[in-house]
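Visitor: Can you put the model up? I'd like to go through its packing.

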Amino acid sequence: MTSKIGIIGGSGLDNLDIFQNAHDTYRGTCWGEPSSPVREGELAGVPVAILARHGRNHTIPPSAVNYRANIQVLKDLGCTHVLATSAAGSLREEIKRGDLVLVDQFIDFTKQRKMTFHDTFPTEPIHTAMADPFDATLRAILIKHCQQLGFSFHPTGTVVTIEGPRFSTRAESRMFRLFGADIINMSIATEAALANEAALPYAVIGMSTDYDCWKEDEVPVSWEEISRVFKANAEKVTALLVDVVPAIAAENV
């Protein structure tokens, strides 16, 4: 099977420009328009397609992203795997600012999103298994290359996804820690659920940018701080993508 890697760029990586023979594809889906045009091209000879989760100028709040269209357009364009990037708040002392987190579980705390392709059951019930929502093979490749690149990273983690666009209260942040969550963000669970329904292997490169608001000795999270930390560390995520895309193709997974 020839691999084609879909990449969903999150906060701080809305407009990646790391490909050869790049061109924009404008395509709608049966679920409406995706968040941005899809930039198709090649990375080390491997076909890739990237879209910006929040639009290329970050104009779409997380609660308004058309997640169904985003996953569908990558599927329609022939992507065989999906890698996503995301800024996240740390809920653990040991997950420092700038650390990468390769999550293996999610807790969904969203409230008002379209997060299934199965609005009806035309012939029979469809209930997608979600015990392990992040693809193990993709995660193993990401772990291997984080080690080779010498990055500070965490090979597992549970992400809690909240609706947004507001940040958590202190009570909520403490509750999520009690639930066992390690990082918090506003998009991953929704994407992961839909990618699994679409039978697209999906994995996330999360970057810790802040400590949400549970730490009393830290200033509560702000968008300005998220942007500052992500921009200062974005080259790590870019370097990891450049490394793993040809590795995924070589594995022929």
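Visitor: Start with L100. Leaving aside neighbours within four places in sequence, what is L100 in contact with?
Guide: L100 is in contact with C146, F151, S152, F153, H154, I205, G206, M207, V237 and L240, where contact means heavy atoms within 4.5 Å. This is a predicted model, with pLDDT of at least 70 needed for local features and 80 or more for side-chain atom pairs, while totals for chains, interfaces and linings use all residues. Residues are numbered from 1 along each chain as its sequence is written, and side-chain values use heavy atoms, leaving out hydrogens and water.

Visitor: How many residues has the largest nonpolar core?
Guide: That core has 33 residues, and L100 is listed with I5, L83, L142 and L240 as having the most contacts inside it. A nonpolar core here is a set of buried Ala, Val, Leu, Ile, Met, Phe, Trp, Tyr and Cys residues joined through side-chain atoms within 4.5 Å; buried means under 20% relative accessible area with a 1.4 Å probe, protein chains only.

Visitor: Which element gives the most to this core?
Guide: α5, with 10 residues. Helices are DSSP runs of H or I, at least four residues, numbered from the N terminus.

Visitor: Switching to helix packing: at what angle do α2 and α5 pack?
Guide: The angle is about 130°, and the axes are 10 Å apart. Axes are lines fitted to C-alpha atoms over the stretch in contact, with angles from 0 to 180 degrees between N-to-C directions. That makes α2 oblique to α5, since angles under 35 degrees count as roughly parallel, over 145 as roughly antiparallel, 65 to 115 as roughly perpendicular and the rest as oblique.

Visitor: Which residues of α2 meet α5?
Guide: L138, I141, L142, H145, C146 and L149.

How values were computed: Buried < 20%, exposed > 50% of the residue type's maximum accessible area, 1.4 Å probe, protein only. Helix = DSSP H or I, 4+ residues; strand = E, 2+ residues; numbered from the N terminus.
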